[in-house]
Amino acid sequence: MVRTRLSLQEVVNKYDTGEDPTILENLIRAFRKIQALPSSKPDSFFTIAGYHGEPFVSQDPDNPDWWGGYCQHETVLFPMWHRAYLLRIEEALRNVMAGVDLFLPYWDECLAVGSDDNPVPWILTAPTFDLDGDTSNPLHSYTLQASIANSPTEQARYAKHEGYVTVRYPRSGLVGTPGDIEKTAIHNAAFEDPDTNAAYLNANVKAWLDGTVQILPDKDTPNVPDTYSVDARYKISLDAPNYTVFSNKASMAQWVKEQSGSGHGYALEDGHNAIHLAVGGFYEKNKYNADPIRGANGDMGDNETAGFDPIFYFHHAFVDYVFWTWQKKHDATAKGSIAIDPTYDGTTSQGNPGVSQGHQTRHEQPAYAIQEAQW
Ligand SMILES: N[C@@H](CC1=CC(=O)C(=O)C=C1)C(=O)O
């Protein structure tokens with residue numbers, strides 16, 4: 001059966017105009033239900049969100065690059081893994097809504113470019129949504145039903161306790177150490193009003209999309225990520241000549257180098273990364289500063305916790321839509337029409353559960369994570 005994902009803006013518009021409020025209402029009901037399932041249940045939001053990064057599984061003591069989440073970044077599996085991941089949450093959303101044929105809408109991230117409209121649809125930022133006698137909005141945030149951590153031995157920078165509520169730019173969600181708890185409380189005290197915060201978030205996402213975001217390097221952290229227009233980056237990625245370089249940053253970087261100076265290119269992963277940073281914010285001393293408002297460290301900004309912010313799935317549904325657009329443009333929609341060039345960086349694993357270090361990655365491989373995690 002073929003299903004078509006509409007954009008979230010279209011779904012919201014059908015609700016706002018009264019043309020068809022049920023698509024949005026059923027989506028809200030479904031998210032409420034998977035978020036309410038006990039965290040141990042396979043279809044629970046907690047279980048599925050937890051595949052991406054934390055809670056980390058096992059450890060490889062011999063591999064310093066090993067990462068304990070299942071998600072794939074900077075490898076050719078990036079688009080494929082996240083495609084399978086979206087299907088998994090879509091399946092869970094349908095399982096809890098008997099008889100309703102749900103799909104996951106994509107947040108059309110570039111729709112508002114060139115207009116004064118907010119880039120983030122209101123349903124993602126409204127703190128409440130009135131439906132069925134319940135005012136919670138499960139797309140605004142998620143409250144952790146169990147604690148998460150990377151490893152008990154490692155610095156607990158991204159560890160979060162049970163009852164933690166996910167946050168976005170300009171707020172901070174760092175509560176892993178007593179020092180962070182104190183700093184976060186001071187930082188967040190300046191950002192208490194949800195409407196003002198939503199305005200900050202929209203302005204930040206707009207600035208990243210337009211390429212006007214201003215991030216001032218500081219003396220501890222002179223590194224600022226690429227701030228070139230995200231809208232342009234997505235569009236440029238569609239010109240990537242083959243799947244390998246389209247799919248991820250590492251392969252694209254090698255391709256750009258090979259173009260002997262005249263090379264210019266962005267992978268799908270690049271624009272995607274920037275939206276994570278725009279929605280989450282990111283500041284880590286001596287690593288990098290992606291914050292116009294310094295100290296914003298929302299969940300979307302780091303790979304460990306991003307999957308717990310419900311906006312993640314609407315963002316990735318857009319990334320998947322860009323992937324599909326590339327496939328159509330490059331005549332690569334038929335089964336077997338995508339090939340990987342193993343001579344590129346980004347085609348072997350750094351090592352994470354299911355894909356051991358140095359393993360040649362193949363596009364069939366999201367299935368590893370699927371089997372291992374019993375998807
Ligand atoms: N770590 C990425 C941003 C990012 C990407 C993700 O895929 C993620 O889940 C969270 C954050 C960067 O520095 O650019």
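**View 1. His-272 faces an oxygen atom of the ligand.** A polar side-chain atom of His-272 sits 3.2 Å from that oxygen. This is a polar contact (a pair of N or O atoms within 3.5 Å; within protein, one must be able to donate a hydrogen and the other to accept it, and residues adjacent in sequence count only if both atoms are side-chain atoms). The model is predicted: local features need pLDDT of at least 70, side-chain atom pairs count only at pLDDT 80 or more, and totals for chains, interfaces and linings use all residues. Residues are numbered from 1 along each chain as its sequence is written, and side-chain values use heavy atoms, leaving out hydrogens and water.

View 2. An N or O atom in the Asn-273 side chain is 3.4 Å from a ligand oxygen atom. For Asn-303, an N or O side-chain atom lies 2.9 Å from a ligand nitrogen atom. The protein covers 87% of the 350 Å² of accessible area that the ligand has on its own (Shrake-Rupley method, 1.4 Å probe).

**View 3. Residues form a shell around the ligand.** Among them are His-52, His-73, Tyr-288 and Asp-302, counted as near if a heavy atom lies within 4 Å. Helix 11 (residues 268-280) gives the largest share, four residues. Helices are DSSP runs (H or I, at least four residues), numbered from the N terminus.

Note on methods:
Helices (H or I, at least four residues) and strands (E, at least two) are DSSP runs, numbered from the N terminus.
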